[in-house]
Amino acid sequence: MNINPNRTLLLIVDVQNDFCPGGALAVNDGDAVAAPLNALSAALTARGGRAAATQDWHNAEHSSFLQWPCHCVQGTKGAEFHPNLDLNPVTIIIRKGFRQELDSYSAFFENDSSTATGLEGCIKQTNIETVIIGGLATDYCVLYSAMDSRRLGFNTIVVTDAIRGVNQPEGSAEKAIETMKANGIQFYTSQEILDILK
């Protein structure tokens, strides 16, 4: 693993109250991703890297609620970032899924695979080469974000201890990891990455 901190972005995906225990679409143990992500964002930004966070931002009548429980409605407590997540190092926040008829799993594109969120342009301006990804959930927003990151030409790393899956349908989280690995996405623990950043 070769990381140039100055050209690396930590992408924190959807660590919001509704995806954590007690939330409307809770991922089992979802709040546990905050600690390793906090350690990574602090270490990386101290060395000249950047940190970004995505935020599901639906209106109350969003089309995704036909598939999923009503979640992350704009301006609600459920849509807020989890209180354990340290946002101080984060300089980019991407709100996604605010178009009523179009959901957005990826941090880079809406689910039509062509409507950009603006993240790609933002980070290419700062010569980012490597994107390190953690957050929720492994089998949806992490998967789509990582696959798009790789497709766009970024060296893409997923943090094994900073992801959790919703696992709907059964086995989808494991399948997502297999898919990402098959597409050249690397997997490391937060400690392994921190050791490289020292």
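**Exercise 1. In which loop is aspartate 29 found, and what is its phi?**

Solution. Aspartate 29 is found in the loop between S1 and H1, where helices (H or I, at least four residues) and strands (E, at least two) are DSSP runs numbered from the N terminus. Next, look at the backbone: aspartate 29 has a positive phi of about 65 degrees although it is not a glycine. Most residues other than glycine have a negative phi, and most peptide bonds are trans.

Before going on, note that this is a predicted model, in which local features need pLDDT of at least 70 and side-chain atom pairs count only at pLDDT 80 or more, while totals for chains, interfaces and linings use all residues. Residues are numbered from 1 along each chain as its sequence is written, and side-chain values use heavy atoms, with hydrogens and water left out.

**Exercise 2. Find the peptide bond from leucine 136 to alanine 137 and the one from glutamine 168 to proline 169, and describe each.**

Solution. The bond from leucine 136 to alanine 137 is cis, with omega near -10 degrees, and alanine 137 has its place in the loop between S4 and H3. The bond from glutamine 168 to proline 169 is also cis, with omega near 0 degrees, and proline 169 belongs to the loop between S5 and H4.

**Exercise 3. Work out the order of the strands in the sheet.**

Solution. The open sheet has six strands in the order S3-S2-S1-S4-S5-S6, with parallel pairing, where two strands pair if DSSP finds at least two bridges between them. At the edges are strand S3 (90-96) and strand S6 (186-188), each of which pairs on one side only. Further in, five bridges join strand S1 (residues 8-13) to strand S2 (residues 50-56), and leucine 10 has alanine 51 in S2 as its bridge partner.

**Exercise 4. Describe how H3 packs against helix H4.**

Solution. Two packed helices are described by the angle between their axes and the distance between the axes. For H3 and helix H4 (residues 172-182), the angle is about 10 degrees and the axes are 9 Å apart; axes are lines fitted to C-alpha atoms, for helices over the stretch in contact, and angles run from 0 to 180 degrees between N-to-C directions. H3 is therefore roughly parallel to H4, a term that covers angles under 35 degrees. Finally, identify the contact (heavy atoms within 4.5 Å): the residues that meet include Val142 and Leu143 in H3, and Ala176 and Ile177 in H4.

Terms used. Parallel < 35°, antiparallel > 145°, perpendicular 65-115°, else oblique.
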